[in-house]
Each structure stands twice: as structure tokens, then as C-alpha cells.
Amino acid sequence: MLDQHFLIDPRVIGRIIDYADIDDDVVLEIGAGTGNLTKALAAKAAKVVAIESSGCLAKDISDLKLPNVDIIHGDALKVGFPEFDKVVSNLPYSISSNITFKLLRYDFQLGILMYQYEFAKRMVATHTTRDYSRLSICVQYFADVEILENVPKTAFRPQPEVKSAIVKIVPRPPTLNVLNKEFFFDFVAAVFTQRRKQMKNAIINMFQIKSRTIHGSHCDARKIVNMLPRNMMCKRPGELSPEELAILSNMIYEAIS
Ligand code: SAM
């Protein structure tokens with residue numbers, strides 16, 4: 001998917017630049033497109049590194065010969081990122097999830113990123129709300145996230161079919177007490193794919209589905225469920241806070257280790 005919806009509203013571009021509060025920073029841009037945002041970033045940043053997968057678009061921006069802009073022609077999911085202070089982009093929406101988790105593996109100060117509105121709502125959602133999901137928990141594990149504004153379709157050309165939103169991402173050390181991060185993410189993924197089930201059934205199914213990969217899968221799933229806090233077992237995944245999910249994940253991890 002090309003995801004080529006270019007941001008043409010100078011007021012939105014101006015606000016993105018203000019939100020990014022650029023001051024002598026190295027800025028990473030994912031999907032430079034025709035360079036509308038790239039040029040505005042370059043006017044403020046010490047350096048912009050812009051990654052663009054389209055050969056034609058990457059060449060067009062290179063031809064502008066902006067002195068403090070490095071263009072990388074490639075797939076942002078595949079190329080390694082240089083060191084950067086901030087990431088500011090009107091993202092290709094089809095890679096929203098993968099690119100966000102890739103970014104969160106890097107050490108940076110601030111992200112100002114345009115996403116599809118529905119995706120943005122799931123990123124920032126808190127528990128007991130409808131949009132609370134695996135995405136909310138996993139993104140918020142690494143960063144504080146906030147929707148700064150909704151952006152109308154008319155700000156783009158061609159206009160996308162979906163609504164958009166600008167999200168602020170501020171990475172920080174995890175605040176959740178998690179014994180094993182990979183196990184926690186797998187656990188969250190497993191129970192949220194069964195979000196209508198009560199936790200006790202979701203966990204039993206998880207053991208069945210993952211019987212080959214879960215370390216210590218010989219454990220009796222029912223026995224483990226019986227030792228978990230009973231008040232949490234009757235709830236659905238979306239009714240548990242990240243802290244409660246971390247408690248369960250830690251207890252299960254300890255039981256099977
Ligand atoms: N930043 C420009 C703007 O705001 O006008 C363009 C934004 S457009 C939504 C996304 C851009 O990302 C397109 O130019 C598209 O070619 C590029 N793109 C799509 N998938 C990509 C990928 N995997 N890696 C790098 N660029 C990608």
C-alpha cells in the first residue's frame with residue numbers, strides 16, 4: 001500500500017512544527033512524500049533524516065538539495081534509523097503499528113506523529129473504555145501518549161477515506177512492574193484476542209493454544225487459574241488495568257518458570 005496522502009494545509013503543518021518545539025534537534029521523518037513537512041522541519045532543525053519508500057518522491061526531494069536534509073530511499077520498517085532526538089511524521093497508516101513499535105525501541109525525546117484517528121484513539125485509551133486494547137497497553141508501557149488534535153480529511157490531497165489525528169509520544173522508562181517483558185506482551189496479546197471471554201477462560205485457552213511454545217506448558221492451566229486472584233478471573237481483559245494485567249502475567253510467569 002502506498003499511503004500517499006500529502007498534507008497540504010499549511011496551518012496543520014505549522015501546528016505540527018510548533019508541537020515538535022524543534023531547537024537544534026536531529027529530526028527523523030518517516031514517509032517524506034512531496035516534502036511539504038520536510039521543508040518546514042528543515043527550516044528549524046539542525047538536521048532532518050527523511051525516509052521515503054518511493055524512488056520518484058525520494059529523488060524529487062533530493063533534487064531540492066536542502067542542505068540539512070538526508071534522504072534515505074527505503075522501507076522505514078527495514079532500514080536502521082540513525083540517532084535522532086525527535087520523530088515528526090505524517091505516517092503511512094498501513095505501517096502504523098509496526099513503525100510505532102520499531103520507533104519505541106530507539107532512544108528519543110519526542111514524537112509528533114499523524115495517525116488514523118481510530119488507531120490514535122486505541123493508542124491513548126485507558127482501561128474500561130471501548131478503545132482500550134493490546135495497542136494501548138503495549139504503547140503506554142513505553143511512553144506517555146496524548147492526542148493533540150483531530151485533523152480533517154480536507155487537510156490532505158488526495159483526501160483519505162479516514163479521519164486523522166496528531167499524537168504526541170514521550171518515551172519514558174516503564175512504570176509497570178513486569179518480570180518478563182516478552183511474556184507480558186504475549187500474555188496481553190493472547191487474552192485480548194479473546195476479549196469477550198472472562199479472564200479464567202482466556203487464560204485456559206492461552207495455555208491450550210500455546211501449549212507448544214509456553215515454557216512449562218506441562219503445567220495444569222486450571223491449577224494456575226485457581227491460584228490467581230479470583231476477582232480478576234471473572235472480569236474480561238478490557239476491565240483490567242495494565243497494573244492488574246502485569247500482576248497476573250507475573251504470577252503466571254513465576255508459576256511456569
Ligand atoms: N510527509 C508527506 C506529507 O505529509 O505530505 C507524505 C505523507 S504520506 C501519508 C506517507 C508517505 O510515506 C508517502 O510518501 C509514501 O510513499 C511513504 N511510505 C509509504 N510506506 C512507506 C514505508 N514503508 N517506508 C517509508 N516511506 C513509506
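In helix α6, the buried residues are Leu135, Ser136, Ile137, Cys138, Val139, Tyr141 and Phe142. These belong to a predicted model, and they make α6 a mostly covered helix, with 7 of its 9 residues buried. The cover over these residues comes from several elements, including α4 (96–103), α5, β7 (143–151), β9, α7 and α11 (242–256).

The secondary structure of the protein chain consists of 11 helices and 9 strands. Along the principal axes, its C-alpha atoms fill a box of roughly 65 × 30 × 30 Å. Of the 257 residues in the chain, 49% are buried. The chain exposes about 13100 Å², and carbon and sulfur atoms supply 49% of that area. Among contacts with a separation of 6 or more, 61% are between residues 24 or more positions apart.

The domain assignment divides the chain into domain 1 (6–171) and domain 2 (181–256). The C-alpha centres of domain 1 and domain 2 lie 34 Å apart, and the contact involves 10 residues from domain 1 and 14 residues from domain 2.

What lies between the two domains? The largest nonpolar core has 61 residues, and those with the most contacts inside it are Ile30, Phe184, Phe187, Ile203 and Leu245. Helix α7 (residues 181–192) gives the most to this core, contributing 8 residues. Because domain 1 (6–171) and domain 2 (181–256) both give residues to this core, it lies between them.

Val12 is placed in helix α1. Is Val12 buried or exposed? Its relative accessible area is 2%, under the 20% that defines a buried residue, and so Val12 counts as buried. Apart from neighbours within four places in sequence, Val12 is in contact with Leu7, Met114, Val151, Ala155 and Ile166. Val12 and Phe156 are 144 residues apart in sequence, while their C-alpha atoms are 10.0 Å apart in space.

The ligand comes next. It is surrounded by 21 residues, and the closest are Leu7, Gly31, Glu52, Ala76 and Asn90. On the backbone side, a polar atom of Gly33 is 3.4 Å from an oxygen atom of the ligand, and a backbone N or O atom of Ala76 lies 2.9 Å from a nitrogen atom of the ligand. From a side chain, an N or O atom of Asn90 is 2.8 Å from an oxygen atom of the ligand. How much of the ligand's accessible area does the protein cover? On its own, the ligand has 590 Å² of accessible area, and the protein covers 96% of this.

A few places in the backbone also deserve a look. Arg157 and Pro158 are joined by a cis peptide bond, with omega about -10°. Pro158 lies in the loop between β8 (156–157) and β9 (164–171).

Where does Asp21 lie? Asp21 is in the loop between α1 (10–20) and β2 (26–30), and its phi is near 45°, a positive value in a residue other than glycine. The relative accessibility of Asp21 is 56%, so Asp21 counts as exposed. Thr128 likewise has a positive phi in a residue other than glycine, near 80°. The loop that holds Thr128 runs between α5 (117–124) and α6 (134–142). Thr128 has a relative accessible area of 60% and is exposed.

Terms used
Residues are numbered from 1 along each chain as its sequence is written. This is a predicted model: local features need pLDDT of at least 70, side-chain atom pairs count only at pLDDT 80 or more; totals for chains, interfaces and linings use all residues. Side-chain values use heavy atoms; hydrogens and water are left out. A nonpolar core is a set of buried Ala, Val, Leu, Ile, Met, Phe, Trp, Tyr and Cys residues joined through side-chain atoms within 4.5 Å. Buried means under 20% relative accessible area, exposed over 50%, partly exposed in between (1.4 Å probe, protein chains only). Helices (H or I, at least four residues) and strands (E, at least two) are DSSP runs, numbered from the N terminus. Domain bounds come from an automatic or database domain assignment. A residue is near a molecule or strand if one of its heavy atoms lies within 4 Å of it. A polar contact is a pair of N or O atoms within 3.5 Å; within protein, one must be able to donate a hydrogen and the other to accept it, and residues adjacent in sequence count only if both atoms are side-chain atoms. Accessible areas come from the Shrake-Rupley method with a 1.4 Å probe; for residues, only the protein chains shown count as cover. Contact means heavy atoms within 4.5 Å.
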